[in-house]
Structure formats: structure tokens, C-alpha cells
Amino acid sequence: MKYEGKVIKYGDNVDTDVIIPARYLNTSDHAELASHCMEDLDKTFVTRVQQGDIITAGFNFGCGSSREHAPIAIKASGISLVIAKSFARIFYRNSINIGLAIVECPEAVAGISEGDKVEADMDNGIIRNLTTGKEYKTAPFPEFVQKIIENGGLINSIAEGIIK
Amino acid sequence: MGMTMTQKILAGHAGLETVQAGQLILASLDLVLGNDITSPVAIKEFSKLNKDGVFDKEKVTMVMDHFAPNKDIKAAEQCKMCRDFCGEKEVVHFYDVGKMGIEHALLPEQGLVTSGNVVIGADSHTCTYGALGAFSTGVGSTDMACGMAIGKAWFKVPSAIKFNLTGKLRKYVSGKDVILHIIGQIGVDGALYRSMEFTGEGLSSLSMSDRLCIANMAIEAGAKNGIFEVDDITLEYVKAHGAKEPVVYKADEDAVYDEVIDINLSEIEPTVSFPHLPENAKTFKEIGDIKINQVVIGSCTNGRLEDLQESAEIMKGKKCADGVRVIVIPATQKIYLEAMEQGLLKIFIESGAVVSTPTCGPCLGGHMGILTKGERAVATTNRNFVGRMGHVESEVYLASPAVAAASAITGKISSPWEVMNYEV
């Protein structure tokens, strides 16, 4: 899987309350959730995000509530990949389960700036900063997780009998 | 190599002799939980699986607590979706207005969780049931959907931090102060992906209410689960609440921990976590005059009977400070009734507080006490993120019921020791 996009950069401890504030949790409509994505952290996000863009962030991205609305809002807003120094665990598994690509790579986060063009080759675990030319290595997903992502998420994996 | 409590429960539910940290397993589930916000997403996903029913009608539960009683039409639609699904699939434990309470106070009270269980819930504070010696963790709606369908979930076996508790809490100090102190010490990602296992001689002085509160906020340190060693207090509790026969898993003597942290309960002081992270914990030596606009006493963290009793003891015969709106939310119908019978609600109302029906309401900025720009609340809830209780420029200070009650009386963030003239 390959991803390429412009980077939108955030800091540490970005919580699910700012990714999608609870006042919008009276719906599960993907487009509506996307229209409020990041609203309490960055009001400009929804106007500047473009299909394929990549978020980079610091430690503990997605901490807080278990709301799957958070990775759904990010994915539906057009983000193709989130690279963080670390992820909160529920956000991490939710992203895998819904098929939002995410990867931990502290070195890449440190070396990538807002607006940089980045390409990520997740089959080989390589992140390239096309703006600076620098390259970063990351660990591939465990096989079990890879299977879920390859099958388009957990629901498909169960529907197709891959997990029983 | 020895296993931790969590690892033993997971091995037992994956049909394996042993497991190791980092191993991916598929574990069978004793209970799958959802609420009115997360269940609708799960129901939509479930419908893609072409399953006629849920894996076990007794082992799925939905609790209408977040935006219930319905705060608006959209919330009403979400509750209806859950109600219709549970009706159609004959889900036994569906809790609607009148029966419902805040999920993590309700389930232990109703005896739906027992020691040794594996529980997933589409709510991050599902880690609460670790207080009963269960492995219990928050997941998302897709996990909930799959759990409802096949009764299993995938987990990466966690490593653990062991908290060795000694000593005894002082008066007006409770489980909330302990967990805020711990999060202040290790940080909001201090236990990321790991278990927090609580043990030691200090356990015997911690009530079940304290333990539920501590386990509840394990997620605020990033933990996968918080879990308490089972003792007589646990066994009495599960028996008294009619839960299934407990299965006691003890950590092996040679269990491997990433870290062992000693906590002397006798040294814990009333603690407050400042905006905008639970790790910003301070004791009153570091807290100046901070005026407040609102106090919230309630939530899955601190809406239990003991929390209301402690608050009422402090507020009895006193008036809430002018300009402070005080909202008390008993966490379940049973707690509400007991608080009424014990005269606690009268104390709250006479002091100038309002008493609400059970709901998560203000904790997540849903309804029943939203803050506007520049307002400040002391809350017994669990998160103080930006905008958590309303406006992005409002502030939430996390504290115990005793601190919240003391602050309600003075109108500023106050120590119960000071308000009650308690000599330490």
C-alpha cells in the first residue's frame, strides 16, 4: 500500500474530544462527522484538507474516548495516513478495524514539517519526505493486523470467514 | 516465565496454557457492552455481517446513558436504533430510561460482571470492571459489532506495571486522589498499551467504590486495563450483587513486570488535576485562589453512593457559594433511591444544588451543565481536555467528591481538610 500527500502537523496528546467534539456525536453520518473534524483544535483543518493528505502528530495521538467517530471523521475528511510518535491504544485498534492507515514513526514525525510532501510505502515500511529527500524506516504491521487491513477491516475479515 | 493477572485471564479465554506480552490472541468474551453513542455505529457494522442474531442474548448489553434522557431529536433516533435492535435480537440486558444508569456504575451493580471475566465495551471507561478482578477494556464500535456477532475479540497481550499499595487513606481522601496522583506521576501515556495491576497490603483498606474509581481512570494513563487482585472485599461485592461465580486469577510469583511502583496510601493528599490534561495533578500546597462557576458531582468515575455520602457530609447544613451552579448526578436509579432514602438528596437540595436523573450528560459536554467561554468547573469526572464540558475556552478541574463538595461551599477550589477543619 502506498500513500502520498501533503502533511498537516499536530503536537502531542491530540484527544478524540478535539478530533470530533461530543456535541456532534448525535450522528454517525460520515460526511457530517468529517465536516467537524479537528474543529476544537484547528478550525482551518476542514477548509484546507485535501484528498490524500497525511497527518503527522506527536505522542499519544487519539487519547481519550473510544468513539470510533474519531478515525471515521479523519478518514472521511480525506486523510490517507496518520503518522505519529505513538497512538492511544483504542484509537489504534479502531483505525485498523475501520481501515484507516496509521503508523508509528517518531523519527519521521521529527523530520517532517507542516506542508511537506510525503510518500509512504507501507509494504516495505519506508516513509519518504519528498520535500527534503530524507527517508525513514518503520516496522511493518504484524501479520494478523496486516490480514485485517488487506481484507478492508475487521467486518470483512469476519464476513469472509478469515476470523471465526 | 510467570504471567501477570491480566495475562492469565487472557490465556484462559484464548484456550492457551500460557501467553506472552506482545502475542496476538483471539479471546472469548463474557460480556459485550455499548451505549447510545457507540452502539448505533456498531449496529450498522453488525448488519454487514449477515448474522441472524447476537452470539449470546445474555452476554450483550446496551445502556442508554450518554445523551439520555434524549437531549435532542438526533439523540432520540440513536436510542431508538438501539431499542429496536435489542428488541429484534432479544438482547436481555437492554437498559433504557427508568432502568438505566451510567453504564460503568450500572453493570457491577446489576451483577453483570464477575471476577475473571473478559469484557469489552465500546466506551473507554470499560476498564472500570478491573476493580472486580476482570479483564475489561474499552474498544470501538467495530470491535463491539464483531464481539456481538462471534463472541470474540483480538488482543495484543499487554505487559504490566505493578502498583504495590501500602498504608491507608486519610479522611476525605479517596480513590480519586490516588488515581489522579498516579496519573500525575506517570503521565497520560505512562501506561500506554499496558496493564496497571494493583496489589499489596494497602488493598484491604480500599473500598470497592475506591477501586472502581481507580480502575475507571486507568485509561487516562493510556492503559489497556487496570486490574485489582481479588480479595474478600471483591468476593463479598460480587456475591452481594448476584454476579456469576467468580474465578480468581492471581499473578504468578515470578510474573514479569515492566516496572513496580510503590504507592503509600497514607501519604496521598486531596489532589486536583488542572486543565487540560489529567496528568496536571496538584495538591493544595500548589493551588492558589481559583474561583469557579460550576461543580459537577457524578459520572462513571464518582457517581456512586459512597461519593454522594462523602459530598453530603461536607455540604450538610451549608449553602453553596453564590454564583456557583452545583449539579449532583447519582449514577444509577438504585443509587438515586438509596441517596433519597438516606436523606442525601435533601441535603444537596437544601444547600442549593440540583439533583439530576442518571446521565453522563455534562462529563462529555453532552447536556445537563455545559460551560460557556471563560467558565470554570470542578468536576468529579474523568477528563479535562480542551472543550470537554463545553466551550473550547472553558476549564475543567478534576477532583474527588470531597474536594468538589468543599469547593461548592467556598466558590473556589478548596480542600475538604480546610473546609471541615480536619487536622492532618
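User: Two residues are in contact if their C-beta atoms, placed from the backbone, lie within 7 Å. On that basis, which residues does B:Thr234 touch, not counting residues up to four places away in sequence?
Analyst: B:Thr234 touches B:Ser115, B:Leu132, B:Gly133 and B:Phe228 once residues up to four places away in sequence are set aside. The model is predicted, so local features need pLDDT of at least 70 and side-chain atom pairs count only at pLDDT 80 or more, while totals for chains, interfaces and linings use all residues. Residues are numbered from 1 along each chain as its sequence is written, and chains are lettered from A and ligands numbered from 1 in the order in which they are written.

User: Where is the place of B:Thr234?
Analyst: B:Thr234 lies in helix α8 of chain B, residues 232-240 (helices, H or I with at least four residues, and strands, E with at least two, are DSSP runs numbered from the N terminus).

User: Is B:Thr234 buried or exposed?
Analyst: B:Thr234 is buried, because 22 other C-beta atoms lie within 10 Å (buried means 20 or more other C-beta atoms within 10 Å of the residue's own, exposed 12 or fewer, and partly exposed in between, with C-beta atoms placed from the backbone).

User: Switching to B:Leu24: which residues does B:Leu24 touch?
Analyst: Beyond residues up to four places away in sequence, B:Leu24 touches A:Pro142 and A:Phe144 in chain A, and B:Trp154 and B:Lys156 in chain B. B:Leu24 and B:Trp154 are 130 residues apart in sequence, yet 6.9 Å apart in space, C-alpha to C-alpha. B:Leu24 belongs to strand β1 of chain B, residues 24-28. B:Leu24 is partly exposed, because 14 other C-beta atoms lie within 10 Å.

User: How many residues does the contact take from chain A and from chain B?
Analyst: Chain A contributes 37 residues and chain B contributes 46 residues. On the side of chain A that touches chain B, the elements giving two or more residues are α1 (16-19), α5 (89-98) and α8 (154-159) of chain A. The largest share of that side, 6 residues, comes from α5(A).

User: What does α5(A) meet in α4(A)?
Analyst: A:Phe91, A:Asn94, A:Ser95 and A:Ile98 of α5(A) meet A:Ala70, A:Pro71, A:Ile72 and A:Lys75 of α4(A).

User: How many residues of α13(B) are buried?
Analyst: In α13(B), 9 of the 10 residues are buried, and the helix is mostly covered. The buried residues include B:Pro401, B:Ser407 and B:Ile409. B:Gly411 follows α13(B) with a positive phi, near 80°.

User: Why is α1(B) largely enclosed by the rest of the structure?
Analyst: Helix α1 of chain B, residues 5-14, is largely enclosed because 8 of its 10 residues are buried. Among them are B:Lys8 and B:His13. Just after α1(B), B:Gly15 takes a positive phi of about 70°.
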